[in-house]
Amino acid sequence: MQSLSFFKKSMIILTLISFVNLLYPYQVLALEDYYSKSIYVYNLTEDKTELSLKANVPRKPASLVKIMTTLVALEHIENLSAYAPVDEASYYQAIEEGAAMAGYYPYEPTSFRDLLYGTMLPSGAESANSLAINVAGSKKTFIKWMNEKAEDLELKKTKFKSVDGMDQTGQVTTAKEIAMLLKEALKNGHFEAIFKRKDYLSTATNAHPSGVYMESTVFKKLREFYQDGFEILGGKSGTTFEAGLCWATLAEKDGKEYIVVVLGSELNDFNNRVEGQVLDTLKILSEL
């Protein structure tokens, strides 16, 4: 059989490249265009991937772990208004580790609702760990439930070692699996309400007669940036030196909802840093 001419071979290759780009238009982009090391964008309205860059590479999740913490807690809490005090040991451990805090004190008579909002909005470590202890009796049992939930959701590259997201050996996830976790969590009405909340005032106690006022770390940061043609509806941040700057957000654009997960934007200095996770998220949404 006569071999194909150079012209015919070239046309076949160009046709194949065009077909691949039609099927996977997001692959023409590169991580060099972003600060983050892994990116995954999911079209929630149309149930399809919009952008995937190293989205299946295992990375440390930082406080994005608290998405699972909150979801698992909600699946086990019968009464959100029930008494759930702040655990003393968890409080002092969070202080020692320099973790983010909601602002509660040891033994403060908070409710489950207070701890849930304290976990998600200001990313309070004392809230997340106290939540786990009040729900499951111990952090060890609660982490077991978190990993069982990950297995149920077929998050094969996700492994939890903590409830607050502080860096632990072996605690990993991927940008895509965080997106799939968030997709599932948003089906829970209580979770959705917390995730989309900009601020919250906790129950008044003797320690805080006016309650503890807290803001979403995502919405607080967004005050510094302009959103053009889209709206971020809710989000969760995660920040450690090992994990870098991470964001998981839900946004609306042109009548469609998108989950955007960015992991691993470099963090060298907490006080003087490039907000790569924010810049990447806004860039992605503006270009959809």
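Axes are taken as lines fitted to C-alpha atoms, for helices over the stretch in contact, and angles run from 0 to 180 degrees between N-to-C directions. The model is a predicted one, in which local features need pLDDT of at least 70 and side-chain atom pairs count only at pLDDT 80 or more, whereas totals for chains, interfaces and linings use all residues. Residues are numbered from 1 along each chain as its sequence is written, and side-chain values use heavy atoms, with hydrogens and water left out.

Helices (H or I, at least four residues) and strands (E, at least two) are DSSP runs numbered from the N terminus. Helix α2 (residues 65–76) packs against helix α6 (residues 139–152) at an angle of about 100 degrees, the two axes lying 10 Å apart; α2 and α6 are therefore roughly perpendicular to each other (a term covering 65 to 115 degrees). In the contact (heavy atoms within 4.5 Å), the residues of α2 include Val-65, Met-68 and Leu-71, and those of α6 include Phe-142, Trp-145 and Met-146.

Five strands form an open, antiparallel sheet in the order β2-β1-β7-β6-β5, two strands being paired if DSSP finds at least two bridges between them. The edge strands, β2 (48–53) and β5 (231–240), each pair on one side only, and the twist averages 10 degrees from one strand to the next. Strands β6 (residues 244–253) and β7 (residues 256–265) pair in the antiparallel sense over 8 bridges, with Ala-248 opposite Val-261 in β7. Helix α10 (residues 276–287) packs on the sheet, where α10 touches β1, β2, β5, β6 and β7, and its direction makes about 25 degrees with that of β6.

Conventions:
Parallel < 35°, antiparallel > 145°, perpendicular 65-115°, else oblique.
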